[in-house]
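The exercises below are meant to be worked through with the sequence and the model side by side. Try each task before reading its solution.

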Amino acid sequence: MTAMNAMELEIGLYDWSRLPCRSCESAAHVPGELLRMARARTAEEAEPRDIEFHVLQESWATPTVVPVARVLMAGLADPRVAPVARHQFLDLLSSFVVVDDEVLAEACKDAIRAGTWSLYEEILSGRSKDGALMAYWLVKEVETAPVRVEWLLRVARHMLPEDLFEDDEVSPTAQLLG
């Protein structure tokens, strides 16, 4: 038996043939697409070809975004996933939390909250400032303890791009903790 990673474990929890797809009969093709993206080594290989216009189109989503969000979070926990794929994962997750359907957006936020420490690791890893910034925005969106976000910014500011918005700067609360 071959070793299973967290993404494959999460994929196995769903009957993808029963989940909706905007372009196909079902989302049965989505697990293969997610695994293909996870194995990507170039930006072109990591493009979410069968996610966009299938699970998500602009801000319109199918309920399939929720299990996809959970699978993407499991993928972020795998250090073997290349930075280009991680970037796509984070980009998709950022799209999922702002879909027009508030119930789906909140369910995606819950999926991200369940793996928040993967986002913190992404920020603190130093792999990519762009990836760190996307992970930071997701943390800001889902973190329930604002002081943790403030502290994160204080300790990881040098790992994020210089052009963060002014409201992202360290608050007096975080300064008191330091």
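**Exercise 1. Find which helices the buried residues of H7 pack against, and list buried residues of H7.**

Solution. The buried residues of H7 pack against H4, H5, H6, H8 and helix H9 (146-156), where packing rests on contact, that is, heavy atoms within 4.5 Å. The residues of H7 that are buried (under 20% relative accessible area, with exposed meaning over 50% and partly exposed in between, for a 1.4 Å probe and protein chains only) are Thr116, Ser118, Leu119, Tyr120, Glu122 and Ile123. Just after H7, Gly126 takes a positive phi of about 80°.

Before going on, note that this is a predicted model, in which local features need pLDDT of at least 70 and side-chain atom pairs count only at pLDDT 80 or more, while totals for chains, interfaces and linings use all residues. Residues are numbered from 1 along each chain as its sequence is written, and side-chain values use heavy atoms, with hydrogens and water left out.

**Exercise 2. Describe the chain as a whole: how many helices and strands does the chain have, and what percentage of its residues count as buried?**

Solution. Begin with the elements: the chain has 10 helices and 2 strands, and along the sequence they follow the pattern α-α-α-β-β-α-α-α-α-α-α-α. Next, consider burial, where 47% of the 178 residues count as buried. Then turn to the contacts between residues at least 6 apart in sequence, of which 63% join residues at least 24 apart. Finally, the chain exposes about 9400 Å², with carbon and sulfur atoms supplying 54% of that area; accessible areas come from the Shrake-Rupley method with a 1.4 Å probe, and for residues only the protein chains shown count as cover.

**Exercise 3. Decide whether Leu104 is buried or exposed, and find which residues Leu104 is in contact with, leaving aside neighbours within four places in sequence.**

Solution. Leu104 lies in helix H6 (residues 102-114), and its relative accessible area of 9% makes it buried. Once neighbours within four places in sequence are left aside, Leu104 is in contact with Ala61, Thr62, Pro63, Val65, Val66 and Val99. As for Val66, which is 38 residues away along the chain, its C-alpha atom is separated from that of Leu104 by 6.8 Å.

**Exercise 4. Trace the salt bridge of Glu122: which residue is the partner of Glu122, and is Glu122 buried or exposed?**

Solution. A salt bridge is a side-chain nitrogen of Lys or Arg within 4 Å of a carboxyl oxygen of Asp or Glu, and by this rule the count comes to 10. Glu122 forms such a bridge with Arg86, the closest N and O atoms being 2.7 Å apart. Glu122 lies in helix H7 and Arg86 in helix H5, so the pair ties together parts that are 36 residues apart in sequence. Glu122 counts as buried at 2% relative accessibility, and Arg86 counts as buried at 1%. Lastly, Arg86, Glu121, Glu122 and Arg127 are linked in a network of salt bridges.

Notes:
Helix = DSSP H or I, 4+ residues; strand = E, 2+ residues; numbered from the N terminus.
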